[in-house]
Structures are given as C-alpha cells and as structure tokens.
Amino acid sequence: MTHISCLHTVTGTQVVGMTIALANGTIISPTIRTHPALMKAMLAMVGRLGVIIDVTFAISPNFLVKRTVSHETAADFAAQMRELQEKYVACVAESCSASGIPDALQDAYESRQYFWHVAANDFMQMDFEPLEDDTNMTAIANGTFDYQVQPSVVTRNSGGRDGSHGSLDAIVCSNSDVSEIIDITFEDGFLVTTGAPNISEMYSTLNRMLFRPGTFPARDSYPSQNLLNYAVNKHLNVYDQFELAIPFSKAGDCFTHLVAVIYPGPEAPEEDQLALGIPIPALIRFIKAEDIFLSPCYGEPCVYLNIEDYFSHSSAGENTGTPNTWIHRVLAAMRGPRCRGRMHWGKAGWNEHAQRFNGSEEYPQSWCDFGCFVKEMDPNGKFQGQVEGDWQGQVEGDWQGQGKPMNHLSKS
C-alpha cells in the first residue's frame with residue numbers, strides 16, 4: 001500500500017463521503033459537499049461518533065512521477081529542519097502566505113519523503129515530481145510502459161558481528177520492482193538478532209536498489225509494500241509501529257535533540273546507544289496544516305516520523321515482550337517539550353507515552369469543537385472508550401461550557 005502524503009494531505013482528506021451508523025441506530029451519509037463541518041469531525045473521530053459502514057474516496061488515474069534520490073547524515077538533516085523551523089516561524093509572524101508556508105519551503109517539501117536508516121546514520125531523501133505526458137499515460141493504462149531502467153545486482157554478506165547466522169547472497173532487481181529473488185536464506189529472528197548496524201546497512205542497500213532515480217508510474221515511484229519488502233519482512237517477527245507528528249514550529253529543536261539523544265558518541269555505554277533499538281528504517285514525511293479537528297496536523301503543518309519496534313516481540317527476547325528501552329526513550333523525547341509530538345491515533349505507544357492524555361492540552365484549538373459533536377451524536381456515551389476518564393472528567397466541562405445547541409446533522 002502506498003504511503004503518499006507530503007505537503008498535500010493525508011489519506012483521510014481524500015475521503016469525499018461515508019455512510020455511518022450513529023449511536024441511536026440512525027444511518028447517515030454525509031459528504032464533504034453536503035456536511036463540511038460534520039466531516040471535520042468524522043475524518044478523525046477515533047471511533048467516538050459512530051460505526052463506519054462504507055467510505056468513498058477520490059481517485060485519479062495513474063500518472064508519471066520523476067523520482068530523485070540523495071543521501072545525507074543525521075546532522076545534515078537536523079540542520080535542514082532548523083532552517084525549516086526558522087523560515088516557517090518567520091513566515092507566520094509576517095503572514096507571508098495564506099498557508100503559513102513560505103514558497104521556498106512549499107517547493108522544497110511539496111513531495112519529499114525520507115527513509116532514515118537510523119543505526120547506519122543515513123538519511124535517504126526522495127523527491128517526487130508529477131509529470132504530464134499523454135503518450136506515456138496511455139502506455140501506463142494499457143500496461144506497455146517501458147521503464148528504461150537497467151537491472152541492478154547487489155551482492156552482500158550480512159552475517160552478524162558475533163558470527164551469528166544469516167546471509168543475503170544476491171538480489172536481482174528489474175524495473176522499479178523485483179523480478180527475481182535469489183538465495184535469500186534467513187533463519188527466523190535473524191533481522192533482530194544479527195545486530196542493528198548490519199541490519200540498518202542492509203536496508204540502506206536494499207532501498208538504494210528499490211528507490212533508484214528515474215521516471216515511473218506513480219504506483220511504482222512512491223514508497224509502497226512490494227515483493228522484495230514482503231520477501232524480507234515475512235522473516236520478521238510481529239512488531240509495534242509508532243508514529244508521531246512534530247509541528248513545523250518545533251522541527252529544528254526536535255531533530256537537533258533527537259540526533260543528540262540517538263547518537264551520543266562511541267564512548268557512551270550500550271544502554272545509551274539508542275540507535276540500536278531502531279534497526280528498521282524510519283519513514284519521514286511532511287503534511288500540510290489540516291482543519292480536521294483531531295488531525296495531529298490540525299492548525300499547523302507537521303513532520304511525521306514513523307519508527308518500528310521488532311525487538312520487543314522477537315526471538316531475541318524469547319517472544320516474551322521484553323521492552324525495547326532504546327526505542328521508548330526516543331519516543332519519550334518525541335513526546336517531550338522540544339518536539340511536542342502528537343500521537344498517531346491508529347498506532348502503538350498510547351499505553352507507554354499517553355497514559356495521562358489530556359485532549360484540551362494536546363488539541364487546545366479544536367478539542368471542544370469535537371466535543372460538541374460527541375455531545376450531540378452520542379449523548380449517552382455508547383461509544384465511550386477507555387480514554388473517556390480524561391474526556392469526561394477534564395474536558396466535559398469545556399464541552400458543557402460552550403452552552404450552545406448545535407445541529408451538526410443538518411447541512412452545515
């Protein structure tokens with residue numbers, strides 16, 4: 001599945017309508033056109049407003065995308081985020097654009113994503129430029145498009161530093177996907193027991209093959225789960241996926257802090273080498289400000305950082321769920337005041353890093369707006385969840401305090 005977003009929007013904003021069963025049994029079918037205010041609540045309702053029956057997405061024909069690739073270190077990336085933060089803050093202060101994003105930043109980050117090979121200290125920057133080409137669009141549609149990319153072969157021995165098992169003998173890559181995979185021999189748990197630096201370097205090599213520069217149909221150009229990803233990932237154990245949204249106004253402060261925390265220097269003890277807890281590539285993407293009430297990017301563009309924990313559930317810990325203290329220290333830093341990262345509603349980490357979640361503090365501009373919809377659409381708390389202790393105890397007063405009945409089920 002493609003994970004496209006960038007400074008356009010996230011997947012939820014491609015929804016044009018849905019069918020929902022409300023707490024009282026009523027079935028409604030709001031759309032962006034007929035119920036724009038209601039949809040601001042529905043597009044990130046965290047299960048609180050009803051049961052979704054179906055969703056209608058906007059789609060477009062496949063199109064050509066030019067992909068360019070470059071590499072840099074964590075220090076280089078942190079410096080870029082510092083520049084992004086300073087330019088964004090200055091733009092907001094001067095009201096330099098309607099979106100609050102300077103033209104230079106808009107152009108640079110419009111369609112950019114990164115793979116961060118953390119333990120290898122490698123940031124892989126990918127820029128995507130949609131192209132208009134009617135001739136090749138026809139070829140894409142009928143399946144005759146010629147990628148015109150030479151196959152590449154990478155040979156690599158990925159045995160662990162401690163002499164542990166595991167090898168990646170050869171991978172043959174054709175076009176933008178994998179045509180053949182030769183002699184991949186992993187034992188279960190290899191990728192989490194071989195050692196984070198080797199694993200991270202291996203993924204850096206694989207991604208250099210998978211995401212080479214060139215022009216491809218959009219489905220093949222943007223990062224997606226493909227055959228090679230599957231061939232490798234099927235040998236991995238279950239994992240936890242975390243993703244936090246860092247506002248542009250904190251991007252420089254945050255990544256400067258994260259780089260210092262993750263890379264403390266070779267003399268630091270192993271327990272402080274936090275990169276060891278993130279052997280699998282992290283994904284970084286840029287999202288424009290949104291008006292969806294509970295969007296992590298509500299009111300301000302943000303940088304999404306996605307990291308994954310394969311260690312806690314791996315055979316290295318005998319599948320006992322041994323905590324990955326390295327990765328949780330990184331997540332704690334992302335939740336701290338230097339980053340002010342908002343949790344992704346559908347991913348892991350809530351029990352560890354949002355136990356005392358306070359919606360009115362995390363979403364000061366929109367939490368009470370969302371509360372109005374909760375009060376109207378589920379007044380008896382049929383869809384109330386575990387987090388409702390905070391919602392009812394701390395925020396319900398705010399919702400009551402608005403003191404104005406609202407009929408959001410009408411066309412508004």
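The model is predicted, so local features need pLDDT of at least 70 and side-chain atom pairs count only at pLDDT 80 or more, while totals for chains, interfaces and linings use all residues. Residues are numbered from 1 along each chain as its sequence is written, and side-chain values use heavy atoms, with hydrogens and water left out.

Start with the backbone. Val46 is not a glycine, yet its phi is positive, at about 45°. Val46 sits in the loop between helix H1 (36–42) and strand E3 (51–57); helices (H or I, at least four residues) and strands (E, at least two) are DSSP runs, numbered from the N terminus. Asn121, also not a glycine, has a positive phi of about 50°, and its loop runs between strand E5 (112–117) and strand E6 (122–131).

Next comes the serine. Ser249 is in the loop between strand E11 (240–247) and helix H9 (251–262). Leaving out neighbours within four places in sequence, Ser249 is in contact (heavy atoms within 4.5 Å) with Gln85, Tyr88, Val89, Glu300 and Arg340.

Now for the cores. A nonpolar core is a set of buried Ala, Val, Leu, Ile, Met, Phe, Trp, Tyr and Cys residues joined through side-chain atoms within 4.5 Å, where buried means under 20% relative accessible area (1.4 Å probe, protein chains only). The largest one has 65 residues, and Met42, Phe255, Leu258 and Ile284 have the most contacts inside it. A second, separate core of 10 residues includes Phe115, Met124, Met126 and Tyr222. In soluble globular proteins, nonpolar side chains tend to be buried together.

Technical notes. Buried < 20%, exposed > 50% of the residue type's maximum accessible area, 1.4 Å probe, protein only.
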